[in-house]
Amino acid sequence: MVATSVDPMIRIENVSKFYGHFRALDQVSLDVQAGEVLMIVGPSGSGKSTLLRCINHLEVPDAGRIVVDGILVDNDEKHINAVRAEVGMVFQRFELFPHLTVIDNICLAQQKVRRRSRAESQTIARALLEKVGIPEQAQKYPEQLSGGQQQRVAIARALAMQPKIMLFDEPTSALDPEMIKEVLDVMLALAHEGMTMVVVSHEMGFARNAAHRVAFMDQGRIVEQGPPDKIFGTPQHDRTQLFLSRILH
Amino acid sequence: MTVDHERPEIQPRPRDLRAHLDEFPWWLLIILSVIGYMVVQIIVDPIYRNIFNTILQGLSTTLYVTAISFVFALIFGLFLGLGRVSNSVILRNLSITYIEFIRGVPMLVLIFTISYAVVPLLARTFGLPNNAISLTSRAIIALVLIYGAYIAEVFRAGIEAIGRGQMEAGRSLGMSRWQTMLYVILPQATRNMLPALGNDLIALLKDTSLVSVLGVREITQVSRLSVSTSFRYEETYFILTLFYLSMTLILSLLLQWIQRRAKIKR
């Protein structure tokens, strides 16, 4: 990345997080530039999801500070809502609203948060369903869809809020293998459009095709980071090598 | 030459008589027989018929007290339940205190306390005479205050049964805690709570008999008054039992039907 004087989209400074005495995050610092696709990899329990969830304040750091697009993410409800309006999130288990149809899933927050009319939100929802490739599923309930389709609805739901940043928390790890590609394709298209993305995932194909930078985390720290070729090709740290040897063959 | 392996067509084994007999709702048949026997008695025996007609006069009060109390207990219970799961330490502890208070005292005692102590005390505070509030109203107030606490626990369990991820999904879309509760959590929780709420409705119907101690003329009180002059204990109390049994049976079948429909509709 070329160093610029422009402020990063996400700035994470010395963030620590404890669960009891367990140190989930240990003074992590990280910048994400606008339009950058950052991938976070690491063994389970390394703190990658926790770090991601700190960005939109689903987890509250015990120390350090996070600034998203110039807004300080602290306990101020106004700041939290402002940040969440700009940050979309996709969960491992989709977390669609099971009592609402697909289109209503995508429209709910548009109407309640963005104050869009029913007609306007539905137009946006249909366009997004088209974009993620399942326009014909609008009137179905989430449980009637496959996992891959559900995750694509979840992405459309987040995009409907027109976020500047998208966070992906292991978006493909709850999916059957044959459905992973359809979700990754949607993410790939987003990345190519210039969306700022932070992705916690072990999908190496996605990393090679879309990620600008890969950060390897272990025991609550970022052990090393760099372009995907470098991290996967010539990792510097023993722990990175050990981890990669387990997930790559 | 290849042998054509004709696959034998396998039919599901026909359900035998035994399986049908095992699943038949014998309990319902027994209860209906008892009710049927009593109905015949009421039709053929003028003594039974007289007592039946007397008790019937209290039926509207029983149903009315049950319905009004349940509606208000639902509303009160919803707010108590939301307070119970609130992030606010004050709201949460106020709700828990109230709920534990109610659950720790026998219902009969609470009915006395609320009707003869709490309500008059509040009436005096607002400058009303002691008898400004009718006994039926006091009975309803007591049942609402008691059942609100029970129903609050149903709401709490229903809300807590919805995964944390749903709240996070709502919040990550920029909705407030309240918006997510209202549009995401409660609609799902309510559906899960239908069986428990149905049980509470049936329990409330039965517990309206307790307000007879206040002199509210519902079916139990009417029966007691009738017995005190007629001395026909057996007939009166058998018929009173019949009343409650029929009502709870109808209600429980009705609730099962509603639940089945809610399941199909979703």
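Which residue of chain A forms a salt bridge with Glu168(B)? It's Arg53(A), and the closest N and O atoms of the pair are 2.6 Å apart. A salt bridge here is a side-chain nitrogen of Lys or Arg within 4 Å of a carboxyl oxygen of Asp or Glu.

Some ground rules: this is a predicted model, where local features need pLDDT of at least 70 and side-chain atom pairs count only at pLDDT 80 or more, while totals for chains, interfaces and linings use all residues. Residues are numbered from 1 along each chain as its sequence is written, chains are lettered from A in the order in which they are written, and side-chain values use heavy atoms, with hydrogens and water left out.

**Where the chains meet**

Chain B brings 18 residues to the contact and chain A brings 25, with contact meaning heavy atoms within 4.5 Å. Together they bury about 2,000 Å², 55% of it on carbon and sulfur atoms; that's the accessible area (1.4 Å probe) that two parts lose on being put together, summed over both.

| Pair | Closest N and O atoms |
|---|---|
| Glu168(B) and Arg53(A) | 2.6 Å |
| Asp31(A) and Arg11(A) | 2.9 Å |

Asp31(A) sits in strand 2 (residues 22-32) of chain A and Arg11(A) in strand 1 (residues 10-19), so this pair ties together parts 20 residues apart in sequence. Helices (H or I, at least four residues) and strands (E, at least two) are DSSP runs, numbered from the N terminus.

**The largest pocket**

The largest pocket holds about 890 Å³ of space. Of the 30 residues lining it, the closest to its centre are Val85(B), Asn87(B), Met167(B), Arg171(B) and Arg177(B). On a 1 Å grid over the protein atoms alone, a pocket is an open set of points where a 1.4 Å probe fits, with protein on both sides within 12 Å along at least five of seven lines; lining residues have an atom within 4 Å of a point. The volume is the space filled by probe spheres set on the points, which are joined across faces, edges and corners.
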